[in-house]
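Reader: I would like to learn how to read a few features of a protein model, with the general idea set out before the particular case. Could you take me through them one at a time?

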Amino acid sequence: TKNPAEYFGSSPLIPLAQPFVYFGIIYNQLHVYQNGFLTFNWPLFPSSPPTLPANIDIVAPLWTDIDNSDVYVQECKGVRVLQRATNDIRQYFPNTNFSANSVSICTWGNVKYFGTSAQNSSFQVLLISGSGLSFIVFNYGSIPQTKHIALAGYDTDDSTSYYTVPVSNVANLTHSTNINVKGRWAFRIDTLPKEHGLFYPAGNQNTQNPCQSNASSPAWHLQYPFLYFGRKYHKIYVDNNGLLTFEPFYERLPKAFPANSNRDIIAPLWAKFDCSVSGNISYRVVTRGRILDRARNDIKQYFPQFGFSIHTVFIATWNRVPYLNSPTTESSFQVVLVIFRTLSFVIMNYGNISSTDQSFQVGQNKNLATKF
């Protein structure tokens, strides 16, 4: 199948004879794009690549601004191709006992960057499946440098798992590798990695708070209200000092609950932090995908009497932040708001927490000084 040579062009929906499992989701189709990437769900037409994570199921051998060029897509079941894929995966992942039953090949051959007469680029991505496993392989031929934004890697629709190929110059892709074969990268992508642990996937650099003491996020709006002890809130503020509020909040020193405050407060760890030294504070709203499934399973486990559909999950993460005036300390924690239509839950997750002599508070505080 040859893609139409169109600026920002996408292939029509390409059906797969053999379903491809991408981090636990089974896909029977894909879209392949002139600009060096493919998706599984729906057409995507950004003017330039974002940084990863991008919060979409996407595989990008070289996502950049490519001029009108042909892209070739083929799903192979021939014996020779399957045997080669089997041998390669067994070499790169020797503990899998893998046998390929399908290889989909997407090739950008001799393509040019948009607006330049530079030499051509050639690269390829393989989707390899079999034995209940899935892999992606990036192959790079000649890759000239470009002034356009460019990245290589993959992501999931909720960024539960993502990876960016770590090269500072795209021309280095020709010689880079993670499997000791120059110009080739290979990844197993059928299941989620186990190292995510308790923490839900955090936000990215586009949803980080300013790194200074006493800062707060702007109001973050929710499509469905968060019900907090009878009150409905459509806005959330993430405070750098380790708490959430639903209205602007200016009491910086933590107080013991009940705080005699006229603000509703959720405090995974209310203390004085300074992320201008190190660490970051991020937040995100999720309305679809794997994170909702995870939250639903968590709530079902902790509160088996409830079985409703989840609409929204809000995640705020304080990642390796130091206490104010204690630059060598480091604490990681998280609060997750799980929103049903008529029910709401709060989950607090903790990683490493440094000790401190300063005052702190953990818990929830309801308006009118009611302690919970």
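Reader: In which strand does Arg320 lie, and what is its phi?

Author: Strands here are DSSP runs (E, at least two residues), numbered from the N terminus. Arg320 lies in strand β17, which covers residues 310-323, and its phi is near 55°, a positive value in a residue other than glycine. This is a predicted model, in which local features need pLDDT of at least 70 and side-chain atom pairs count only at pLDDT 80 or more, whereas totals for chains, interfaces and linings use all residues. Residues are numbered from 1 along each chain as its sequence is written, and side-chain values use heavy atoms, with hydrogens and water left out.

Reader: Why does Arg320 count as partly exposed?

Author: A residue is called buried under 20% relative accessible area, exposed over 50%, and partly exposed in between (1.4 Å probe, protein chains only). Arg320 counts as partly exposed because its relative accessibility is 46%.

Reader: Where does Ser131 lie, and what is its phi?

Author: Ser131 is found in the loop between β7 (121-130) and β8 (133-140), and its phi, again a positive value in a residue other than glycine, is near 55°. Ser131 has 44% relative accessibility and therefore counts as partly exposed.

Reader: How should I read the pairing of strands in a sheet, and in what order do the six strands of the open sheet come?

Author: Strands of a sheet pair through backbone hydrogen bonds, either parallel or antiparallel. Two strands are taken to pair if DSSP finds at least two bridges between them. In this model the six strands form an open sheet in the order β1-β2-β3-β4-β9-β10, with antiparallel pairing. Its edge strands, each pairing on one side only, are β1 and β10 (163-164). Within the sheet, β2 (residues 25-33) and β3 (residues 37-39) run antiparallel and are joined by three bridges, and His31 stands opposite Thr39 in β3.

Reader: What is a nonpolar core, and which residues of the largest one touch the most other members?

Author: A nonpolar core is a set of buried Ala, Val, Leu, Ile, Met, Phe, Trp, Tyr and Cys residues joined through side-chain atoms within 4.5 Å. The largest one has 34 residues, of which Tyr22, Val32, Phe40, Trp108, Ile136 and Phe138 touch the most other members. Strand β1 (residues 14-22) supplies the largest share of this core, four residues. A second, separate core has 24 residues, among them Tyr233, Ile236, Phe273 and Cys275.
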